[in-house]
Amino acid sequence: MTGNASLTLPAPAKLNRMLHVVGKRPDGYHELQTLFQFLDHGDTLHFRLRNDEAITLSPAIENVSTEDNLIVRAARLLQATVDQALPGVDITLEKRLPMGGGLGGGSSDAATTLLALDHLWQLDLDTDTLATLGLSLGADVPVFVRGFAAWGEGVGERLVPAALDTPWFVVIHPGVSVSTAGVFGHAQLTRDTPLISMSRALQGGHNDCEAVVRRLEPGIGEVIDLLRHYGPAMLTGTGACVFCPFEEETAALELEQEILYGIARHAYPDRWSVFRARGCNISPLHQALNRLRVSSSTGVS
């Protein structure tokens, strides 16, 4: 470990290509079946080792204290896990993913922090250990740590690699927030969808949270209805983002530009935001780490 060593890595978004709520557990959590897929779009984190043991994060995120931020919690958790003195780290976050959008931004940031610091601190922890640490931070963190598109069960932590198609997606955030606890605590949430196999899920599914989210935030329903004019649009997670797949980038680009133009001329609410991205079965984070390992082994800088 050398002072001032640095590393920049992506923290990609995820989509739930389907999400079934199949039961409620005694601990209050819900049993799920879902398909996770990554996007080539997300946050970026910059790490630089310090000469002391302090952990810093900038810039501050509105309404989230530094100590409560999943990035700082992940760094401190990893620091406390190993029985050795470790240097501190300055972390800078370039935030692109909306808070509470169902894209896994906070979980992805935490996973990137675990993997980045494992590399910078030269800990060489195995993936299972890092995924277990990640699970203590949030149910979605393990899929980002493991880095492959996956069939998820349990609370989403039991993962099996899945070979999904990799279309282009147009993703709209309606500029509203949805409480995950509010969705899963809602009396009208479907909690008894029959179990299906992964092979059946790969043929298509739905999101059991949609009906409740429409009741809680009608504006999200408007986005779903709009995008379904173009394809099989779906809510991701508990929202608020809605995505629509396209086989060709040109079609996704045309719709993205149409939405942006509509926002600009006030045909759609100014609070809406939109982006297009490609689906990935290997996380961009792991693609970047693999390139780093190859360059390190060959001596290429």
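Tutor: Start with the lining of the largest pocket: its residues divide into 19 nonpolar, 19 polar and six charged. Keep in mind that this is a predicted model.

Student: How is such empty space found?

Tutor: Rolling a probe the size of a water molecule over the atoms shows where empty space is left. Here, about 1200 Å³ of space lies in the largest pocket.

Student: How many residues line the largest pocket, and which lie nearest its centre?

Tutor: The lining has 44 residues. Nearest the centre of the largest pocket are S107, A139, D140, T180 and T238.

Student: Which elements give two or more residues to that lining?

Tutor: There are strands and helices on the list. The strands are β1 (6-24) and β2 (30-49). The helices are α1 (70-81), α2 and α5 (180-184).

Student: What about the second largest pocket?

Tutor: Its space is about 250 Å³. The second largest pocket is lined by 15 residues. R17, D165, L202, G204 and G205 lie nearest its centre. Two elements each give two or more residues to this lining: β1 and β9 (242-246).

Student: How do the residues of that lining divide?

Tutor: Ten are nonpolar, three are polar and two are charged.

Student: Which residues line the largest cavity?

Tutor: Look for L57, P59, A60, I61, V64, S65, T66 and N69. In this lining, five residues are nonpolar, three are polar and none is charged.

Student: Let us finish with a single residue. Where is H119 found?

Tutor: H119 sits in helix α2, which covers residues 105-120. Helix α2 is also among the elements that give two or more residues to the lining of the largest pocket.

Student: Why is H119 called partly exposed?

Tutor: Compare its value with the cut-offs. Buried means under 20% relative accessible area, and exposed means over 50%. H119 has 34%, so it is partly exposed.

Student: Which residues does H119 touch, not counting those up to four places away in sequence?

Tutor: H119 touches L7 and L292.

Student: And how far is H119 from A211 in space, C-alpha to C-alpha?

Tutor: The two are 43 Å apart in space, C-alpha to C-alpha, and 92 residues apart in sequence.

Terms used. Residues numbered from 1 in each chain as written. Predicted model: local features only at pLDDT ≥ 70, side-chain atom pairs only at ≥ 80, totals over all residues. Heavy atoms only, no water. Helix = DSSP H or I, 4+ residues; strand = E, 2+ residues; numbered from the N terminus. Buried < 20%, exposed > 50% of the residue type's maximum accessible area, 1.4 Å probe, protein only. Contact = heavy atoms within 4.5 Å. 1 Å grid on protein atoms, 1.4 Å probe; cavity = no way out; pocket = protein on both sides within 12 Å on 5 of 7 lines; lining within 4 Å. Points joined across faces, edges and corners; volume = space filled by probe spheres on them. Nonpolar A, V, L, I, M, F, W, Y, C, P; charged D, E, K, R; others polar.
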